[in-house]
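Biologist: Could you take me through this model before I plan my next reading of it?

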Amino acid sequence: MHTARNFRLALGTLVAALALSGATLAQAKTLVYCSEGSPENFTPAINTTGTSFDAARPVYDKLTQFARGSTQVEPGLAQSWTVSADAKVFTFKLRPGVKFHSGVGGFTPTRDFNADDVLFSFERQWKDDHPYAKVSGGKYDYFADMGLKDDVASIEKLDAMTVKITLKKANVTMLANLAMDFASIHSAQYADFLAKANKKEQIDQVPVGTGPFQFVAYQKDAVIRYRANKAYWGEKALVDDLVYAITPDPTARYSKLKAGECHFMIAPRPADLPEMQKDASLRVINAPGLNIAYWAFNTQKPPFDKKEVRQAFAMAIDKAAILRDVYLGAGQAAKNLIPPTMWSYNDKVVDYPYDVEKAKALLAKAGVKAPLEIDLWYMPVQRPYNPNAKRIAEMMQADLAKVGVNAKLVTYEWGEYRKRMQQGEHMTGMLGWTGDNGDPDNFFFLHGCEAARPGGQNLSKWCNKEFDARLEKARSLADNKERTRLYQEMQVIEHDDMPDFKIAHSVVYEAMRKEVSGYKQSPFGSHQFNGVELK
């Protein structure tokens, strides 16, 4: 076990090695987070992964936000709001006196946050002719997949501190949706500054926001550094500096944590948990994950355009073995898209049994002749919902061979993997989801017809009109009893049509040094470090 002095020296060595300046570790004011991957950029609106969201989260605020560690929506940059009786008109009173970060990328703001920043942030995603719409590729998957691209009727500045958003259709999930990362608010003045300097792309790589930490520097695949925003309007940072030490390998993250080279780590290996929990210098926390790991069948590619084939594949996989050998007790078998901790979960759905002979018979009935050649894509990264995608893929490959299916294992670099899957290049592929806002809609939109477009997050490219009609109707209802009925019917439709094979809902474990206090585990799998201090 390290002494406090050795701990400070070890962490000081890390900071020196990364060529970081600022508060020294001897002052116990630099918090180091061993993260698991590199962000694609620092603008949540053009991302869909937790890795990139985590990297941007210290910098930005949203109109609404989730109380740290909970699913409760509370005021953010909007200090209050009103919602029309038909759930179509949302009017936000903005928080006065909020300061943007100064000195980032050579920019110094000359005004406080106001309605212009809100309009800029949303219109970039909504209007194709916006000056920043095409910057950094111009893809806004969350905004589009959740229907906002089509459903927004107008976004109006009523005055400098009042914004009105009007929808074409009622949406009772809107306040929670606006607390999600894609709705982060950028500085319109910074955008103008960059446009004049012909550096528009910098808005997504050198971020300016109003958040509790200010961006300092990013060394690709190595480290991100932030500085506390002393002028922050909300719950302040209790350390001077925040460092993300990017460490993809979970064993390496654990070694750094034990050595005192980081204070906090994401996604420990299930096999390491017993040793971690015995270490007096560490603290391990856990919570049921608001998540799902799944294996998507591309329904636009034969033979997966036949539901009998998809059902046969579901019966060909020994799910219990995957839970036992990969999750090591830190997960439960999934039969629905939403986890059982979420309201509207349909426990009456009966999962497909593992039955090799029935799988063979169903494939034959569907006209599939052995051997069938397919691809099986697996994630190149570890996630709380999937601790070892390659091992699961290998187990699936062995199971499929028993029913006359030869599965070629495929993977790519993480950003490329997601991009190719969203375009529908795969026949079958693994991914997962962690909820963003605590509402079932946030899971079910993954099977919506809007998200089945090329580039959308519906990776099975499955569009079922009965499912989609219920999805749209549920968004318009304030009555959760009626929404529950619709969602439970949707789970039956999903089960029967089998667009993807649900693998597991995992327990999410996180580990930190004993010196860390004030951290609250998020039900959304996100990481937030304002309010966290080092004792």
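This is a predicted model: local features need pLDDT of at least 70, side-chain atom pairs count only at pLDDT 80 or more; totals for chains, interfaces and linings use all residues.

Biologist: How many disulfides does the structure hold?

Modeller: The structure holds 1 disulfide. Cys-449 and Cys-463 form this disulfide, and their sulfur atoms are 2.0 Å apart.

Biologist: Which hand does the link of Cys-449 and Cys-463 have?

Modeller: The link is right-handed, with 90° about the S-S bond. Both cysteines lie in the loop between helix H16 (441-444) and helix H17 (465-475), so the pair ties together parts that are 14 residues apart in sequence.

Biologist: Is Cys-449 buried or exposed? And what about Cys-463?

Modeller: Cys-449 counts as buried, at 17% relative accessibility. Cys-463 is partly exposed, with a relative accessible area of 39%.

Biologist: How do Cys-34 and Cys-262 count, buried or exposed?

Modeller: Cys-34 counts as buried, at 0% relative accessibility. Cys-262 is likewise buried, at 0%.

Biologist: What is Tyr-226 in contact with, leaving aside its neighbours within four places in sequence?

Modeller: Its contacts include Phe-42, Ala-55, Pro-58 and Val-59. Phe-213, Gln-214, Phe-215 and Val-216 are also among the contacts of Tyr-226, as are Asp-240, Asp-241, Leu-242 and Tyr-244.

Biologist: How many cavities of 30 Å³ or more are there?

Modeller: There are 7 cavities of 30 Å³ or more.

Biologist: What about the second largest cavity: how much space lies in it, and what classes of residue make up its lining?

Modeller: About 70 Å³ of space lies in the second largest cavity. Its lining has 5 nonpolar, 1 polar and 6 charged residues. Among the lining residues are Lys-319, Lys-335, Asp-351, Glu-494, Asp-500 and Lys-502, together with Met-498. Helix H18 (480-497) and S18 each supply at least two residues of that lining, and the largest share, 3 residues, comes from S18.

Biologist: You mentioned Met-498. Where does Met-498 lie, and is Met-498 buried or exposed?

Modeller: Met-498 lies in the loop between H18 and S18. Met-498 is buried, with a relative accessible area of 6%. Its phi is near 50°, a positive value in a residue other than glycine.

Biologist: What is the phi of Ser-136, and where is Ser-136 found?

Modeller: The phi of Ser-136 is near 60°, which is again positive in a residue other than glycine. Ser-136 is found in the loop between helix H3 (115-126) and helix H4 (141-145). Ser-136 is partly exposed, with a relative accessible area of 35%.

Biologist: Now to helix H12 (residues 319-327). Which of its residues are buried, and what covers them?

Modeller: In H12, the buried residues are Lys-319, Ala-321, Ile-322, Leu-323, Val-326 and Tyr-327. What covers them includes strand S13, strand S14 (331-333), helix H14 (389-401) and S18. Just after H12, Leu-328 takes a positive phi of about 50°.

Biologist: Last topic: which form does the peptide bond from Pro-302 to Pro-303 take, cis or trans?

Modeller: That bond is cis, with omega near 0°. Pro-303 is placed in the loop between strand S13 (291-297) and helix H11 (307-316). The bond from Ala-370 to Pro-371 is also cis, with omega near -5°, and Pro-371 is in the loop between helix H13 (356-365) and strand S15 (372-377). For context, most peptide bonds are trans, and most residues other than glycine have a negative phi.

Technical notes: Residues are numbered from 1 along each chain as its sequence is written. Side-chain values use heavy atoms; hydrogens and water are left out. A disulfide is a pair of cysteine sulfur atoms within 2.5 Å. Helices (H or I, at least four residues) and strands (E, at least two) are DSSP runs, numbered from the N terminus. Buried means under 20% relative accessible area, exposed over 50%, partly exposed in between (1.4 Å probe, protein chains only). Contact means heavy atoms within 4.5 Å. On a 1 Å grid over the protein atoms alone, a cavity is a set of points where a 1.4 Å probe fits but cannot get out, and a pocket is an open set with protein on both sides within 12 Å along at least five of seven lines; lining residues have an atom within 4 Å of a point. Grid points are joined across faces, edges and corners, and a volume is the space filled by probe spheres set on the points. Ala, Val, Leu, Ile, Met, Phe, Trp, Tyr, Cys and Pro count as nonpolar, Asp, Glu, Lys and Arg as charged, and the others, Gly among them, as polar.
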